[in-house]
Amino acid sequence: MKNWLFWAGISFIVGGMVSLALNLGATKTPSFSEDLSSYAIGWMLVGAVLITIGYIKKKNPVEQ
């Protein structure tokens, strides 16, 4: 699989967006322990980092 970090980053961003959408779409106000917005944003940030690392590795291939 070529450039797996890029696709892993995409999946983290999509998962974080789905989690955030489910949390924001809840009909009742969640308590502090149930509020997962920060975790969803964290997953999106992890995805962005993985995509960035994937681009850097793609531009600078390691020769063996």
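View 1. Val 14 counts as partly exposed because its relative accessibility is 45%, a value between the 20% limit for buried and the 50% limit for exposed. Keep in mind as you look around that this is a predicted model. Val 14 sits in helix 1, which runs over residues 4–24. Together with Val 18 and Leu 22, Val 14 makes a nonpolar patch on the surface, and the three share about 290 Å² of accessible area.

**View 2. The whole chain, for orientation.** Let's step back for a moment. The chain has two helices and zero strands. Of its 64 residues, 20% are buried. Take the contacts between residues at least 6 apart in sequence: 79% of them join residues at least 24 apart.

View 3. Helix 1 is built from 21 residues, and the distance from its first C-alpha to its last is 30 Å, close to the 30 Å expected at 1.5 Å a residue. Which residues of helix 1 are buried? They are Leu 5, Phe 6, Ala 8, Gly 9, Gly 16 and Asn 23. Looking down the axis of helix 1, you would find these buried residues within an arc of 165 degrees, so they line one face of the helix. Here is a handy idea for reading such a pattern: an α-helix has 3.6 residues a turn, so residues three or four places apart point the same way. Trp 4, Trp 7 and Leu 22 are exposed on the other side of helix 1.

**View 4. Helix 2 packed against helix 1.** What covers the buried residues of helix 1? The cover includes helix 2, residues 37–59. In turn, the buried residues of helix 2 pack against helix 1. Those buried residues of helix 2 are Ser 37, Ala 40, Met 44, Gly 47, Leu 50, Ile 51 and Gly 54. Helix 2 has 23 residues, so at 1.5 Å a residue it should span 33 Å, and the 33 Å between its end C-alpha atoms agrees.

View 5. Leu 24 belongs to helix 1. Is Leu 24 buried or exposed? Leu 24 counts as exposed because its relative accessibility is 63%, and the cut-off is over 50%. Ser 37, by contrast, is one of the buried residues of helix 2. Leu 24 and Ser 37 are 13 residues apart along the chain, and 8.0 Å separates their C-alpha atoms.

How values were computed: Residues numbered from 1 in each chain as written. Predicted model: local features only at pLDDT ≥ 70, side-chain atom pairs only at ≥ 80, totals over all residues. Heavy atoms only, no water. Patch = residues over 30% accessible without salt bridge, like charges linked within 9 Å, V, L, I, M, F, W, Y side chains within 5 Å. Areas by Shrake-Rupley, 256 points an atom, 1.4 Å probe, with all protein chains shown as cover. Salt bridge = Lys/Arg side-chain N within 4 Å of Asp/Glu carboxyl O. Helix = DSSP H or I, 4+ residues; strand = E, 2+ residues; numbered from the N terminus. Buried < 20%, exposed > 50% of the residue type's maximum accessible area, 1.4 Å probe, protein only. Expected span 1.5 Å × (residues − 1). Arc of directions from axis to C-beta. Contact = heavy atoms within 4.5 Å.
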